[in-house]
Amino acid sequence: MQTDHPPLPEGFPLEGYRIERQLSQGGFSIVYLACDEDGKHVAIKEYLPAGLARRGADAAGVTVDDEHQAAFNSGLKCFFEEGRILAGIGTAYLVMRYERGSTLKEHVRRLTEGGDPVGEEFLRNVFARVLSGLREVHTHKLLHLDIKPANIYVRNDGHPVLLDFGATRLGLGPGAGTHAVLTPGFAAPEQ
């Protein structure tokens, strides 16, 4: 994806962490592999929406034009809401433990390179665990709203982790709102 800003450079110091490399980038954020002062790896998610903000020449500074400030602030509120939601569930933070593995999308591509189908045991294991995680999310009266193979991470030990709670909203019970975040092909037909 082409953006108005490059990622933070390798070796960049960030609040007690050192950036090692970019892991992923979307329209609203960049995720980095970093390590803390003890050398422990973490994942850091940076809010930097394409089209609304640009990185300064010093690599750390971010500039937002006045005309985009309201949209930037609204998105920033949602970004911190994601962190609050995840902290409430107890599964992740905006600085998160780094897990070795690959997305379900990448994992399935590797499994099927030789033309073999994905095994039933693998599917049952992954989806039973994802559904168990979703039960915890739903217990907190939340909806994830963006479940797709790119947002399910398969650890090296085969256990899945549900990623990207950026679209998560309070969605069950009284006062549940609506939200227009969706991924074509993975969203409910009525959306």
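## The main nonpolar core

The largest nonpolar core of this predicted model has 14 residues, and Leu8, Ile19, Tyr32, Ala34, Ala53 and Phe72 have the most contacts inside it. A nonpolar core here is a set of buried Ala, Val, Leu, Ile, Met, Phe, Trp, Tyr and Cys residues joined through side-chain atoms within 4.5 Å, with buried meaning under 20% relative accessible area (1.4 Å probe, protein chains only). At least two residues of this core come from each of β3 (29-36), β4 (41-47) and α1 (69-89); helices (H or I, at least four residues) and strands (E, at least two) are DSSP runs, numbered from the N terminus.

Beyond its neighbours within four places in sequence, Tyr32 is in contact (heavy atoms within 4.5 Å) with residues including Leu8, Ile19, Arg21, Val42 and Arg55.

## The three-stranded sheet

Let's turn to an open sheet with the order β8-β10-β11 and antiparallel pairing, where two strands pair if DSSP finds at least two bridges between them. β8 (101-103) and β11 (160-162) each have a single partner strand, so one side of each lacks a neighbour in the sheet.

Three bridges join β10 (residues 152-155) to β11, and Val154 has Pro160 as its bridge partner in β11. Helix α3 (residues 120-139) packs on the sheet, touching β10 and β11.

## About the model

Residues are numbered from 1 along each chain as its sequence is written, and side-chain values use heavy atoms, leaving out hydrogens and water. In this predicted model, local features need pLDDT of at least 70 and side-chain atom pairs count only at pLDDT 80 or more, while totals for chains, interfaces and linings use all residues.

Notes
Axes are lines fitted to C-alpha atoms, for helices over the stretch in contact, and angles run from 0 to 180 degrees between N-to-C directions. Buried means under 20% relative accessible area, exposed over 50%, partly exposed in between (1.4 Å probe, protein chains only).
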